[in-house]
Amino acid sequence: MKGLFNRVKRRSGATFSPTRPNRDARRGEVPAQAKAKAKARTGVRPKQDRGVTQRITAYLRQHLQVALASLGQLSRSPLATLMTASVIAIALALPAGLYVVLKNAQQLAAGWDGGAQISLFLSPEFTDGQALQLAAQVRALPGVESVQVITRAQALREFRQLSGFGAALDGLDENPLPALLVVRPALGQAPAEGSGGLTADLLARLKPLPGVQLAQVDMEWLARLAALLAVLQRGLLILAALLVLAALLIVGNTIRLAIQGRRDEIEIIKLIGATDNFIQRPFLYNGLWYGLFGGIIAWGLVSLSLGLLQGPVQQLALLYHSNFALGGLDGLSSLLLVSAGFMLGLGGSALAVKRHLAAIEPV
């Protein structure tokens, strides 16, 4: 009887004895609950949690194996892989390079705008003292960095030196040139772009001042340059969309050819019960690798092109007495470029795989 009792106790996992009351029963717990609490205290996870972890680990291991196998397959045909990745790289490098050029042009235009000047031509009857008083009034206005006063005598002297008509000017009875105020807007003022520009607002406040006969912005062409840059930016977006579409079609066609080349193998795998998700993984990783390599090559092409242009641009800037330096791709732009290639390859392969795998069914 005692041996039978011990076997029943071992099978049930009970902790009671015929002579001692069960402590778990006194606490109102069944043996299963007490066992679960004991495992929780000792750090032992339930079998269900261990099963989920094992399934996740196996899933990740399987994807890693497929990714490495796909990379090995592409490495066996390096020329074809390089050609496909280069097409993606060119499709990415063209808009990326134009974006960098456009960004540098915008920065250069902003630097030129910092040197924009507003010329206030005063009435001929204005004396030098009145011009100085008006300059102090203009200097107190918001958005004004500095004001330079050019008196009538200074204006005549500069005109005599620059024009080459000194002899003709000597024959004049009086100085025909008016005094001039050169107003430099504060840094960060936008170019004159109609009523919305800050420089245009400052110009509108200067025109009604007493004694101002004519007020004009010396660099109004910056407004036209800003409009041209806006047109180029819109054209860049259109070009990028067309090139991305072309790259998607090329990646999709490459994956389609790979699927057709392995059609018999796919039919056999489907006959033994493989799902479409299992079959499409190698092709998806093929597109992923194509896009990743294409993004890296595109980054190298853009960086190389900018490096080749750096020297001539600096020489041109020195001729204009400027310290402008051609900017390149920063860390975020580089990451976005490589990520764009990654997503482009993956998206093109996904579109091709979904369409062409569904059309293959075992006979």
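This is a chat about a predicted model of a single chain and some of its residues.

Q: Thanks. And what share of the 363 residues is buried?
A: Buried residues account for 32% of them.

Q: What does the accessible surface of the chain come to?
A: About 22700 Å², and 64% of that belongs to carbon and sulfur atoms.

Q: On to contacts: among those between residues at least 6 apart in sequence, what percentage join residues at least 24 apart?
A: That figure is 78%.

Q: Good to know. Now the sheet: in what order do the four strands come?
A: The order is E2-E3-E1-E4, in an open sheet with antiparallel pairing.

Q: Which strands stand at the edges, then?
A: Strand E2 (144–150) and strand E4 (212–217) do. Each has a single partner strand, so one side of each has no neighbour in the sheet.

Q: And how many degrees does the twist average from one strand to the next?
A: The average is 20 degrees.

Q: Let me look at E3. Is it largely enclosed or left open by the rest of the structure?
A: Strand E3 is largely enclosed, because five of its six residues are buried.

Q: How many bridges join E2 to E3?
A: Six, with the two strands running antiparallel.

Q: Nice. Which helix lies across E1, E2, E3 and E4?
A: That is helix H6, residues 128–139, and its direction makes an angle of about 170 degrees with E2.

Q: Changing topic: where does isoleucine 259 lie?
A: Isoleucine 259 is part of helix H10, which covers residues 221–261.

Q: Why is isoleucine 259 called buried?
A: Because its relative accessible area is 0%, and the cut-off for buried is under 20%.

Q: So which residues is isoleucine 259 in contact with, leaving aside neighbours within four places in sequence?
A: The list is Ile266, Phe283, Ala352, Val353, His356, Leu357 and Ile360. As for alanine 352, 93 residues separate it from isoleucine 259 in sequence, and the C-alpha to C-alpha separation is 9.1 Å.

Q: I also had my eye on asparagine 286. Which helix is that in?
A: Asparagine 286 is in helix H12, residues 276–319.

Q: Does asparagine 286 count as buried or exposed?
A: It counts as buried, at 4% relative accessibility.

Q: What is asparagine 286 in contact with, again setting aside neighbours within four places in sequence?
A: Its contacts are Ser70, Gln73, Leu74 and Ile255.

Q: Last topic, the surface. Which residues make the nonpolar surface patch of about 380 Å²?
A: Val52, Ile56, Tyr59 and Leu60 make that patch.

Q: Which helix holds leucine 60?
A: Leucine 60 is in helix H4, which covers residues 47–75.

Q: And is leucine 60 buried or exposed?
A: Leucine 60 is classed as exposed because its relative accessibility is 53%, and exposed means over 50%.

Definitions and conventions. Residues numbered from 1 in each chain as written. Predicted model: local features only at pLDDT ≥ 70, side-chain atom pairs only at ≥ 80, totals over all residues. Heavy atoms only, no water. Buried < 20%, exposed > 50% of the residue type's maximum accessible area, 1.4 Å probe, protein only. Contact = heavy atoms within 4.5 Å. Pairing = 2+ DSSP bridges. Axes fitted to C-alpha atoms, helices over the stretch in contact; angles between N-to-C directions. Patch = residues over 30% accessible without salt bridge, like charges linked within 9 Å, V, L, I, M, F, W, Y side chains within 5 Å. Areas by Shrake-Rupley, 256 points an atom, 1.4 Å probe, with all protein chains shown as cover. Salt bridge = Lys/Arg side-chain N within 4 Å of Asp/Glu carboxyl O.
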